[in-house]
Amino acid sequence: MGVENQQGTWIQLRLFEAQEESVCHGGCGNGGTEPAAREEGQAATASTRKRALTDDLMERICERENLNRAYQRVKANKGAAGIDGMTVDEMYDWIQENKGELIQSLLDGRYQPQPVRGVEIPKPSGGTRQLGIPTVVDRLVQQAFLQVLERLLDPTFSESSYGFRRGRNAHQALHRAAEYVAEGREVVVDFDISKFFDRVNHDILMARLARHVTDKRVLRIVRRFLEAGIMQDGVSVQRHAGTPQGGPLSPLLANLLLDDLDKELERRGHRFCRYADDCNIYVRTERAGERVMNSVVRFLEDRLRLKVNADKSAVADVEERQFLGYRLMHDGRLEAAPRSEHRAKQRIRAITRRNRGTSLEQIMRDVNGFLTGWVTYFRYADSEWLLERLDSWIRRKLRCVRLKQRKKPQAVAAFLISLGVPERSARQLAGSGKGWWRKAATPQSHQAMTLAWFRSQGLVSLSERYRALQS
């Protein structure tokens with residue numbers, strides 16, 4: 001792996017190379033086992049071999065290659081500093097000076113994570129979501145844990161689980177759900193787990209992890225990560241439940257806990273798709289759906305100590321609900337959910353708000369960045385009509401921005417005239433008492449800021465990009 005120096009060149013350097021001998025003892029996956037150890041392993045029972053695989057997990061976590069990959073991933077992900085103020089760019093120098101002590105504290109199980117920095121971000125559906133930003137060193141350690149634990153745990157997870165798993169994504173979950181609907185399962189049991197990441201029971205989660213991991217050092221440090229306080233307004237608040245979003249380990253631990261639900265649904269023969277804490281079960285009748293909803297609520301509350309939000313959960317026709325931003329149709333087609341259009345407009349409004357004091361060129365770049373990602377995610381939706389409507393609305397929004405930027409009537413008229421609008425017509429619009437939004441829909445605005453003009457400005461067209469993705 002490499003690290004970037006101050007001149008921006010790429011130099012080959014392995015941060016943890018000097019620790020190879022100290023952390024790769026006891027047979028840590030490099031094939032260097034003694035003959036006696038091989039004979040003993042061959043004679044061991046299957047259960048003993050399985051236990052032996054997880055007794056030395058910490059040695060595997062501390063292997064040179066694993067730590068270097070973890071450093072590379074944290075470096076690539078960038079991210080904000082934790083409570084100690086150390087940035088990702090400063091992490092390299094810290095590791096150079098402290099890697100020996102860091103590795104030894106992991107090997108003897110005394111590594112102590114620092115509290116996370118609490119940050120609240122707005123949720124698309126309203127309210128806020130609590131994020132916990134670990135220090136960069138804690139992120140490095142969590143990433144090293146993740147890379148080893150993921151190889152151990154992920155193969156045991158359900159085929160119907162799609163969130164935060166290597167080689168799986170939201171589109172796969174949507175296509176599988178569409179298949180279930182096309183088979184005639186047109187009723188969905190859509191349940192919302194209330195504040196899932198805030199209410200994870202530590203004892204239950206650690207019991208699930210202990211089913212797979214016997215290395216007490218790993219279990220001890222994972223528990224410390226769960227219990228690390230949240231620093232807000234200079235005060236560290238201790239946590240007795242929850243796994244805050246923001247650390248590399250949280251998604252894996254969430255999947256581990258909810259795998260119990262997956263296995264129970266599989267045991268009952270249900271057709272379902274789960275993406276993180278968003279789970280939909282597909283049945284043929286509303287009566288069956290009500291039975292399933294009641295049993296799932298009991299299971300979550302009794303077995304996993306989680307609470308279902310009754311206001312956001314429902315048994316309904318699939319076309320009345322949304323899953324991962326899409327709406328599933330009876331014939332198995334996918335459409336962008338109405339709420340997704342609403343959120344897209346909210347984002348465009350935020351980018352183009354009047355008090356940003358940003359040039360039109362920068363606004364266009366920001367709009368394009370959002371639109372490109374948005375239409376790429378919704379490329380499987382049969383919603384070209386929606387995209388054309390959004391394109392028209394976005395162009396009107398940008399016409400409004402451009403007119404507002406000219407401010408005074410004389411400047412507005414001069415701008416319109418420069419783009420081919422007759423002088424009389426341009427001055428008539430510039431001097432009218434209409435609001436900016438109404439002015440943006442007038443023939444003069446359309447004559448000046450045409451489709452060709454927007455193309456010359458580099459604006460992404462959702463419908464054109466969608467058709468290109470389809471081809």
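**Sheet, helices and a buried methionine**

Modeller: This is a predicted model. Helix α8 (residues 170-182) lies across β8 and β9, at about 160° to β8. Helix α12 (residues 250-267) also packs on the sheet, where it touches β5 (187-192), β8 and β9. The direction of α12 makes about 175° with that of β8.

Colleague: How do you know that β8 and β9 pair?

Modeller: Pairing requires at least two bridges between the strands. Between β8 and β9 (residues 278-283) there are five bridges, in the antiparallel sense, so the two strands count as paired. As an example, Phe272 has Ile281 in β9 as its bridge partner.

Colleague: What is the order of the strands in the open sheet?

Modeller: The order of the four strands is β8-β9-β5-β10, and the pairing is antiparallel. From one strand to the next, the twist averages 20°.

Colleague: What makes β8 and β10 edge strands?

Modeller: Each of them, β8 (271-275) and β10 (314-317), pairs on one side only.

Colleague: Why is Met91 called buried?

Modeller: A residue is buried when its relative accessible area is under 20%. Met91 has 0% relative accessibility, and therefore it counts as buried. Met91 belongs to helix α6 (residues 88-107).

Colleague: Which residues is Met91 in contact with, leaving aside its neighbours within four places in sequence?

Modeller: They are Tyr71, Val74, Met86, Val136 and Leu140. Tyr71 is 20 residues from Met91 in sequence, and their C-alpha atoms are 8.9 Å apart. Contact is judged on heavy atoms, which must lie within 4.5 Å.

Methods: Residues numbered from 1 in each chain as written. Predicted model: local features only at pLDDT ≥ 70, side-chain atom pairs only at ≥ 80, totals over all residues. Heavy atoms only, no water. Axes fitted to C-alpha atoms, helices over the stretch in contact; angles between N-to-C directions. Buried < 20%, exposed > 50% of the residue type's maximum accessible area, 1.4 Å probe, protein only.
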